[in-house]
Amino acid sequence: MYRTKHTQSNCAPSIMRSGLSRRSFLTGAAAVGSAAGLLAADGVVKRADAHYQTASAGGCSWPRTTGIAASGQANEIVHLPYSDGQYVVAKVVFNVDSSGVALRDVLDDGTILMNNDTIVTNLGTSYAEVTTPDYTAKGIAKSIPPRKAMIIRDEAVVLKAPADQTPSDGTTSGPVHLAFIRTSSPRNLANLLADTSKWQSYTQAGCWPEGIGPYPLWMSNRGALENLNISLNPWEASNQKTPSGQKAADFNINTNLWWLPAMSDAAVHHCHYQNFMEVHTQLSGNGRMQKFYDLEPRDLQCSGSEVYPLGIKGPPPAAGFYSVPGTHQLERAFGQGMYEEYRLLPGDTNVPFAHVDDDMNFIYPWHQYYADTDCLWVVWELTPVA
């Protein structure tokens, strides 16, 4: 079937925090009180003179990662590591074929968190098709493109789309891997954070810069999905022209959940811990992915082959894996310099934000996730296979 491996990494993103959302300001008053001189007379929060913990400091604890390798068997159903069966149920079905899988069969005859929407994300490279047993022959089936999601319920059946139901620019030669995620009501969803075996706060992880204070961002255990046989052109996936001599590459997928309370953000950053193309599927609440122009010079250690040779994890950038602009204006709801945002409701998946350079490095603009309401979302990190 599949193999699992449990690894505990000593490396987690350090975050250089220079701005406060309304909720993080209310929940983390120490962020202002403990960092003397941060708030200037002009209402602009200045960069804190903080100590940044890195992997070498040994003070960071990253959530447990479970490796899950697809066996190659058709319609293979596997639990994802952040599924608890009470507040979140999450499964992936590898190598969905033309016979498909019924929603009620994937989620235990529909008894888990019943009467809730199920969000299904297509993690493969071929199109999936949503239909029902009664209407398969009546032409009402609808496709789910690669790296997109749809909300399904009740009698839905999802299968690999046949050639006559696949757009002309699509393919039928690649696999279809489907993630099925169902959550409890938003009013009690925050209870899932009490399960410390599956969830961890950034503050409690010990990877937050000293002097910046509490921060209400939570992360779940991670799944490393392998042996997926996913071959895709990352330039086309990012709506770019493919450089001369470049072509499709093989990818694995890392995934975990993130949770933020209303009116909080996940920090403006452009560095990531690894070279990947990320997309987010919204599960609960109303959120936004936002881009910012360069308010300060980019840290050159966050981009380029000197940090991200294909498939090799680079050393921690000088400013930590995540960093933020040197100024952040409190009177502007989303910070100085925001020029684009992608709004997310449950079932929405954002377009890839990264620019793919000629060497297949994923170069990110300054960006952040912002939560209008209490938000839960899942990240899919498409990572090149070495």
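# Briefing: strands, cores and salt bridges in a predicted model

Of the 386 residues in the protein, 57% are buried (buried means under 20% relative accessible area, exposed over 50%, partly exposed in between, with a 1.4 Å probe and protein chains only). This is a predicted model, where local features need pLDDT of at least 70, side-chain atom pairs count only at pLDDT 80 or more, and totals for chains, interfaces and linings use all residues. Residues are numbered from 1 along each chain as its sequence is written, and side-chain values use heavy atoms, with hydrogens and water left out. The protein has 4 helices and 25 strands (DSSP runs numbered from the N terminus: helices are H or I with at least four residues, strands are E with at least two).

**Confidence and overall numbers**

- The average pLDDT is 74, and 67% of the residues score at least 70 (pLDDT is the predictor's confidence in each residue, from 0 to 100).
- Residues 1–58 have pLDDT under 50; the model gives them 152 contacts beyond four places in sequence (contact means heavy atoms within 4.5 Å).
- Residues 297–301 also have pLDDT below 50, with 15 contacts in the model beyond near neighbours in sequence.
- Among contacts between residues at least 6 apart in sequence, 80% join residues at least 24 apart.
- The accessible surface is about 16100 Å², and carbon and sulfur atoms account for 50% of it (Shrake-Rupley method, 1.4 Å probe; for residues, only the protein chains shown count as cover).

**The four-stranded sheet**

- Four strands form an open sheet in the order S17-S24-S19-S21, paired antiparallel (two strands pair if DSSP finds at least two bridges between them).
- Strands S17 (264–265) and S21 (338–344) are the edges, each pairing on one side only.
- S19 (residues 287–292) pairs antiparallel with S24 (residues 366–371) over 6 bridges.
- S19 and S21 also run antiparallel, joined by 6 bridges.
- Gln290 stands opposite Gln368 in S24, and its bridge partner in S21 is Glu341.
- Arg288 faces Tyr370 in S24.
- S19 is largely enclosed by the rest of the structure, because 6 of its 6 residues are buried.

**Salt bridges**

- The count is 7 salt bridges (a side-chain nitrogen of Lys or Arg within 4 Å of a carboxyl oxygen of Asp or Glu).
- Arg222 and Glu381 form one through their side chains, at 2.9 Å from N to O.
- That pair links distant parts of the chain: Arg222 is in strand S15 (residues 222–232) and Glu381 is in strand S25 (residues 375–384), 159 residues apart.
- Arg222 and Glu381 are both buried.
- Arg288 bridges to Glu341, with the closest N and O atoms 2.8 Å apart; the pair joins strand S19 to strand S21, 53 residues apart.
- Arg288 is buried at 12% relative accessible area, whereas Glu341 is partly exposed at 22%.
- Arg288 also meets Asp372 in a salt bridge, 2.7 Å from N to O.
- Asp372 lies in the loop between S24 and S25 and Arg288 in S19, so this pair ties together parts 84 residues apart in sequence.
- Asp372 is partly exposed, at 28% relative accessibility.
- Arg288, Glu341, Arg343 and Asp372 are linked in a network of salt bridges.

**Nonpolar cores**

- The largest nonpolar core has 59 residues, of which Tyr369, Leu376 and Trp380 touch the most other members (a core is a set of buried Ala, Val, Leu, Ile, Met, Phe, Trp, Tyr and Cys residues joined through side-chain atoms within 4.5 Å).
- A second, separate core of 19 residues includes Val89, Val96, Leu107 and Phe180.
- Beyond four places in sequence, Tyr369 touches residues including Leu260, Met289, Leu344 and Trp377.

**Selected buried positions**

- Ala371 lies in strand S24 and is buried at 0% relative accessibility.
- Ala371 and Asp265 are 106 residues apart in sequence, yet 6.0 Å apart from C-alpha to C-alpha.
- Contacts of Ala371 beyond four places in sequence include Leu260, Met263 and Asn286.
- Ala249 sits in strand S16 (residues 249–260) and is buried at 16% relative accessibility.
- Glu129, in strand S8 (residues 128–131), is buried at 7% relative accessibility.
- Among the residues that Glu129 touches beyond four places in sequence are Lys142, Val158 and Gln165.
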